[in-house]
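Please look over the sequence and the model before reading on.

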Amino acid sequence: MTESKLDLLQGTLDLMVLQTLSVMGSLHGYGIARRIEQTSDDSVLLNQGTIYASLVRLQHRGWIAAAWGVSDNNRKAKFYSITRAGKKQLAKDAMYWQRLSEMMGRMLNMEAGE
Amino acid sequence: MSDKEPKSVTGSAREAVNRSRAFFHKGQLDRDLSEEMESHLDLAIEDNIRRGLSPQEARRQAMIRFGGVMQAQEQQREARGLPGLDIFMQDLRYACRILLHDKSFTLIAVLILALGIGANIAVFSVVNAILVRPLPFRDPQQLVWMAPAASKCGFSCETYSADAYEEFQAMNHAFQGVAGYFAFSTGDNVKLTGSGQPKPATSIWVTANFFQTLGVEPVSGRLFLSEEGRKGARPVVLLANPFWRRQYAADPAIVGRTIDLDGTPTTVVGVLPDRFDFGSVFSPGTKVDMFSPANLDDMRDWGNVLALVGRVKPGVTVAQAQADSASVLPHLYFNVKSADSMGFYKKPMQLMTLKEYVSGKLRPPLIVLWCAVGTILLIVCVNLANLTLARAATRTKEFALRLALGAGRVRLIRQLLTESLVLSLTGAALGLGIAYGITNFLAHQGSIALPMLSSIRVDGAALAWTVAIAVVTAALFGIVPGIKVSRNDVQEALKDSGPGMSEGRKHERMRALLVISEVAMACVLLVGAGLLLRSFLRVLDIDLGFEPSHAAAVQVDYDDGHNANSGERRGTILREMLRQVEAIPGVESAGVVDYLPLDHNRSWGSPSIKGKHYEPGELPGAFVYMITPGYLRAMGMHLQGRDFTWDDGPKGEQVIILNQIAAHYLFPAGNAIGSMVQMNGADRRIIGVIQDVHEANVEGKPGWQVYFSAMQENPVGAELVVRTKLPPQTLAASVMAKLRELNPNQSAAEFRMIQQIVDHSVSPRRFFVMLVVAFAIFGVMLAALGIYGVISYSVTQRTQEIGIRMALGATAGRVQLGVIGNTVKLALIGIVAGTAASVVVARGIAALLFGTAPTDPVTFAGMILLLGTVSLLAGYIPARRASRIDPMVALRNN
């Protein structure tokens, strides 16, 4: 594992978590992981455990908040929710990703002789 | 954690705060995390069961999707805390465990480090106090010492007259103020009377503006007023802080009260601060108890008596002030009353910063000292690198295992550096204690004539220095083995059965190189110390012109009435005093002088032959002494011609005794005795010629000296000198009792050994020599330890080889010889390299040597002999062990 790959993955995962929380509201770690898997049609090969590094990082930056609560089926679990700062960050990051992917799309669709 | 923190905190700053907070709550956060992960798995399993999987399969799937639990935990910890610090703490714990396990190594290493670092802190503190720290005055960079260019007539040629001082102050443009003090005060020159036995104290006359010029504020009361330096002023005094505390128990009410000084009621106007130590700045090695304003009107006819300190105006450089003083100098009168004394001061006034005056001369020896102690630290580093390397060799497998298990090389070096840091910080802590002891000891050595000595202490700068050298030391001796170890081949190390196999010639060569450099550095230290020691012995061997052992001096008080008949009366008093003192059992001879050699001095114009023309400035000023009959004998001086007798009184012929230099200059034909000379406006007959006496310093050349009969000229004080065959201390009580019997007002003055005065004069040299010699001995011990370590280690490594050789018929002697041969090889290379370096270093310290050539063969031969012997000894112990190896045991031991 080299650092540059890890960095990209990290940033991506963080963004996915933020987006999930922004859409779904309050959710526990397993729920977030499942949601990401489902949304990506299981095309993301995600070790669910790695999500906790991302969660603590986002929490430290003040973008998400956490609190212990009880799940629908009466299990104790830690629930995460996005904060206002997190929403701002999400908007910023989403914009960046959009631009990046548009640009990459244009680059990869480049045709000869243009 | 709540997100209710202020928005102004940016994400990364908040993260840093949270990370450090998390660092300290590991336990709780870890529990939290495992609970969370548990619930995660439970939720997943439940989900899977709901989708129709069997409980086992549900659990298996959940575990697979989750991934490695440990890894996830590790990742989370890294994201949440301070991973760098975590690793450091881990390394630290491991290092402590390992070091505690290897007690003897740790003990030796810490001890060596403590000594090396302690010596370094101590010397740093000395250097800091004497050379670096500014003088304890306001804007000390503005203060300059003002004296005529150096010449050979002692204090009288370093001072100016009261008139010249006043004229200079009026005419200069570059100075805010010029102050001075009376340079001819002796110790214990006033008596504190009024309560029981008179108590001697030391008082210095200073110009009324002295403290204002230096920028010293009193802790209570006030400083002198300018009118207090005029004729008829009410007598006042300022107390030095230590005297105030000692004599008056720090009573603040003393200010404004009147004390009796020499029978004169004197008002205490203030107390000076503790950090103002006159002696440590202007007259190292002496203590001053009080200050009184110099009465310039009284001093006008006393000649050159004031030593001057000036404060230049802001922005004025020393060079500009120098130019200003050069333009003023020709207009100064020696004495305003004689018009032709304008322009008396021919020698240019030389200005230097007060700091330069106080410590300039000490810069070279202190730098040498610093280099010596730095070399010690280097040797310590090399030694420890060697020890660590040896230890690393035995830990090869441990390291190889860690490398094989995935530790990076950087991580290994980091681990070793942590270990060396733990060692060096522990050593530094201990060294700090040692340094504290040394500096405390030095600060209370009042008898060493070094400036600012009392202000030596381990301060903040020294602490910073300690941390710096501890870290640098750790890096120096940790990095070499670290790199070495991390380069080891994992495969080889794991395969290797450890001892018995030659574990790499490279390793051995590295260690040999370290030992050689250690020996070479010890060589340089030894040569430096040897040369300085030889110089010191030469200094002690100097014929001072008198015999300091078995003689003692004490200040005596008498009252000659201070009038026209004083000479006669003085003769009577002193004659009776000496008769009675000489009658004390044990006293061989006794005499009285006003200034003792090497203690204080003054000089007058020189004797000359009447009618003979001398160029201006051709004759140097002559030191003058007023003595009684018997003094020359009591001091053990060597006289040709006759001594004074009690008949050489005020009414007799004016007679003098000259020293050889003066006599030889005036009468090259050698016919001085019996000839007439003119001095101080009178014709005088030379009755004797005395061997030159070192009057101002031990190492310099003596100047002209003239001795007068104490009945024919006015002495300034009276030191009774007694010579005895007994240890002089034994006479103290009986002599003091006799003096008190003769004069009830005799103060309890100190009974000083003449040897003590000489020791005081050579104390700076002694101080440096002792330190450098101590460092050299330490260096040699370390070098010996290094040699011992390497040879001993190689014997252990080669136990099997030696066993085989012995089994094949090698004798014990042959084995011993082989090992000793190795030692000699190492030592020899080291000595050769060290000798070469020493030649260069010796030339560098040539200026500090006395009567010893930098290439002094005795020193070099001694160094080679000593180092050779020590190395042989260090090699002999393992050699003996090698020769006692039992071949059977050694071979079986595989």
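**Confidence**

The model is predicted. For the complex, the predictor gives an ipTM of 0.84 and a pTM of 0.78. The average pLDDT of chain B is 86, and 96% of the residues score at least 70. Residues 1-8 of chain B have a pLDDT below 50, and this stretch has nine contacts in the model beyond near neighbours in sequence. The pLDDT is also below 50 over residues 497-502 of chain B, where the model has five contacts beyond near neighbours in sequence.

**Chain A**

Chain A holds four helices and three strands. Along the sequence their pattern is α-β-α-α-β-β-α. Of the 114 residues in chain A, 34% are buried. Among contacts in chain A between residues at least 6 apart in sequence, 48% join residues at least 24 apart.

Three strands of chain A form an open sheet in the order E1-E3-E2, with antiparallel pairing. Its edge strands are E1 (27-28) and E2 (64-70) of chain A, each of which pairs on one side only. Two bridges join E1(A) and E3(A) in the antiparallel sense. Here Leu27(A) has Tyr80(A) in E3(A) as its bridge partner.

Which elements of chain A give two or more residues to the side that touches chain B? The contact as a whole takes 23 residues from chain A and 29 residues from chain B. The elements in question are helix H2 (29-39), helix H3 (51-60) and strand E3 (76-82) of chain A. H3(A) gives the most to this side, with six residues. By class, the side of chain A that touches chain B has seven nonpolar, 11 polar and five charged residues.

**Domains of chain B**

Chain B is divided into domain 1 (11-81), domain 2 (150-347), domain 3 (362-541 + 761-892) and domain 4 (558-746). The centres of domain 2 and domain 3 of chain B, taken over C-alpha atoms, are separated by 52 Å. Six residues of domain 2 of chain B are in contact with 11 residues of domain 3 of chain B. On the side of domain 2 of chain B that touches domain 3 of chain B, the residues divide into two nonpolar, two polar and two charged.

**Strand pairs around E10 of chain B**

Strands of a sheet pair through backbone hydrogen bonds, either parallel or antiparallel. The table lists pairs made with strand E10 (residues 264-271) of chain B.

| Strand paired with E10(B) | Sense | Bridges |
|---|---|---|
| E7(B), residues 220-221 | antiparallel | two bridges |
| E8(B), residues 236-239 | parallel | four bridges |
| E9(B) | antiparallel | four bridges |

Ser220(B) stands opposite Val271(B) in E10(B), Leu238(B) stands opposite Gly270(B), and Asp260(B) stands opposite Pro265(B). E9(B) and E10(B) form a hairpin with two residues between them. In the turn, Asp262(B) has a positive phi of about 50 degrees.

**Residues with positive phi in loops**

Most residues other than glycine have a negative phi. Ala249(B) has a positive phi, near 50 degrees. This residue is in the loop between helix H9 (241-248) and strand E9 (258-261) of chain B. Is Ala249(B) buried or exposed? Ala249(B) counts as exposed because it has 8 C-beta neighbours inside 10 Å, and the cut-off for exposed is 12 or fewer.

Met452(B) has a positive phi near 60 degrees. Met452(B) lies in the loop between helix H16 (409-443) and helix H17 (460-486) of chain B. With 23 other C-beta atoms within 10 Å, Met452(B) is buried, since the cut-off for buried is 20 or more.

**Val721 of chain B**

Val721(B) is found in strand E23 (residues 719-724) of chain B. Why does Val721(B) count as buried? The reason is that Val721(B) has 27 C-beta neighbours inside 10 Å. Not counting residues up to four places away in sequence, Val721(B) touches Ala551(B), Ala553(B), Ala590(B), Gly591(B), Val593(B), Tyr631(B), Ala634(B) and Met635(B). Gly591(B) is 130 residues from Val721(B) along the chain, and their C-alpha atoms are separated by 5.4 Å.

Key: Residues numbered from 1 in each chain as written. Chains lettered and ligands numbered in written order. Predicted model: local features only at pLDDT ≥ 70, side-chain atom pairs only at ≥ 80, totals over all residues. Contact = placed C-beta atoms within 7 Å. Nonpolar A, V, L, I, M, F, W, Y, C, P; charged D, E, K, R; others polar. pLDDT = per-residue confidence, 0-100. Domains from an automatic or database assignment. Pairing = 2+ DSSP bridges.
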